[in-house]
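Visitor: I would like to learn how to read this model, feature by feature. Where should we begin?

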Amino acid sequence: MESTAAPSDLPEDAPSPIRRRLRRELLILAGACLAGFLIVPLLIWTVGHSALGPYNPGGAGRLLADFMSGLAHGSPIFWAVALGPYALALLVRFLYSQARGRR
């Protein structure tokens with residue numbers, strides 16, 4: 001039995017638009033998580049070190065250990081710092097889509 005659908009110009013293994021969107025979203029999430037779990041706490045340590053002086057319990061490594069401990073204990077403040085880059089990315093994407101839609 002033959003199909004009545006027109007042959008597609010795309011190869012069989014071409015990713016669907018849904019898969020491309022999902023992949024893009026996962027890449028954005030991974031980049032934001034990397035930033036939120038490592039880069040932002042180190043930036044906070046750098047600014048605090050230059051403005052307030054050394055971190056009493058230790059250096060940047062100790063601050064990261066304390067940060068991960070705060071995450072493990074479920075502190076909302078630590079999770080806000082960790083998920084802040086993703087929330088910011090979502091906000092920027094939303095605002096961009098709203099501005100683009102009003103043309």
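**Reading the fold**

Guide: Begin with contacts, meaning heavy atoms within 4.5 Å. Among contacts in the protein chain between residues at least 6 apart in sequence, 55% join residues at least 24 apart. Keep in mind that this is a predicted model: local features need pLDDT of at least 70, side-chain atom pairs count only at pLDDT 80 or more, and totals for chains, interfaces and linings use all residues. Residues are numbered from 1 along each chain as its sequence is written, and side-chain values use heavy atoms, with hydrogens and water left out.

Visitor: How many helices and strands does the secondary structure of the protein chain come to?

Guide: Helices (H or I, at least four residues) and strands (E, at least two) are DSSP runs, numbered from the N terminus. Here the chain has three helices and zero strands. Along the sequence the pattern reads α-α-α.

Visitor: How should I read the span of helix 1?

Guide: The expected span of a helix is 1.5 Å times one less than its number of residues. Helix 1 has 36 residues, so it should span 52 Å. Its end C-alpha atoms lie 49 Å apart, which agrees.

Visitor: Where in helix 1 is the kink centred?

Guide: The bend at a residue is the angle between axes fitted to the seven residues ending there and the seven starting there. In helix 1 a kink of about 40° is centred on Gly36. Just after this helix, Gly53 takes a positive phi of about 105°.

Visitor: What share of the 103 residues is buried?

Guide: Buried means under 20% relative accessible area, exposed over 50%, and partly exposed in between, with a 1.4 Å probe and protein chains only. Buried residues make up 13% of the 103 in the chain.

Visitor: Which residues of helix 1 are buried, and what covers them?

Guide: Ala32, Ala35, Gly36, Pro41 and Gly48 are the buried residues of helix 1. Their cover includes helix 2 and helix 3.

Visitor: Why does Ala35 count as buried?

Guide: Ala35 counts as buried because its relative accessibility is 18%. Leaving aside neighbours within four places in sequence, Ala35 is in contact with Val40, Pro41 and Pro85. Ala35 and Leu83 are 48 residues apart in sequence, yet 9.0 Å apart in space, C-alpha to C-alpha.

Visitor: Which residues make the nonpolar surface patch?

Guide: Patches are made of residues with over 30% relative accessible area and no salt bridge: like charges are joined within 9 Å, nonpolar side chains (Val, Leu, Ile, Met, Phe, Trp, Tyr) within 5 Å. Leu34, Leu38, Ile39, Leu43 and Met68 make a nonpolar patch of about 440 Å². Helix 1 (residues 17–52) gives the largest share, four residues.

Visitor: How accessible are Ile39 and Leu38?

Guide: Ile39 counts as partly exposed because its relative accessibility is 44%. Leu38 is partly exposed too, with a relative accessible area of 38%. The C-alpha atoms of Leu38 and Phe67 are separated by 9.4 Å, and the two residues are 29 apart along the chain.

Visitor: How many salt bridges does the structure hold?

Guide: A salt bridge is a side-chain nitrogen of Lys or Arg within 4 Å of a carboxyl oxygen of Asp or Glu. The structure holds two. One joins the side chains of Arg93 and Glu25 (2.8 Å, N to O). That pair links distant parts of the chain: Arg93 in helix 3 (residues 76–101) and Glu25 in helix 1, 68 residues apart. Arg93 is partly exposed at 31% relative accessibility, and Glu25 is partly exposed at 22%.

Visitor: And how far apart are Asp66 and Arg62 in helix 2?

Guide: Asp66 and Arg62 are four residues apart in helix 2 (residues 60–72), so about one helical turn separates them. Their side chains meet in a salt bridge (3.3 Å, N to O). Asp66 is partly exposed at 21% relative accessibility. Arg62 is also partly exposed, with a relative accessible area of 42%.

Notes
Accessible areas come from the Shrake-Rupley method with a 1.4 Å probe; for residues, only the protein chains shown count as cover.
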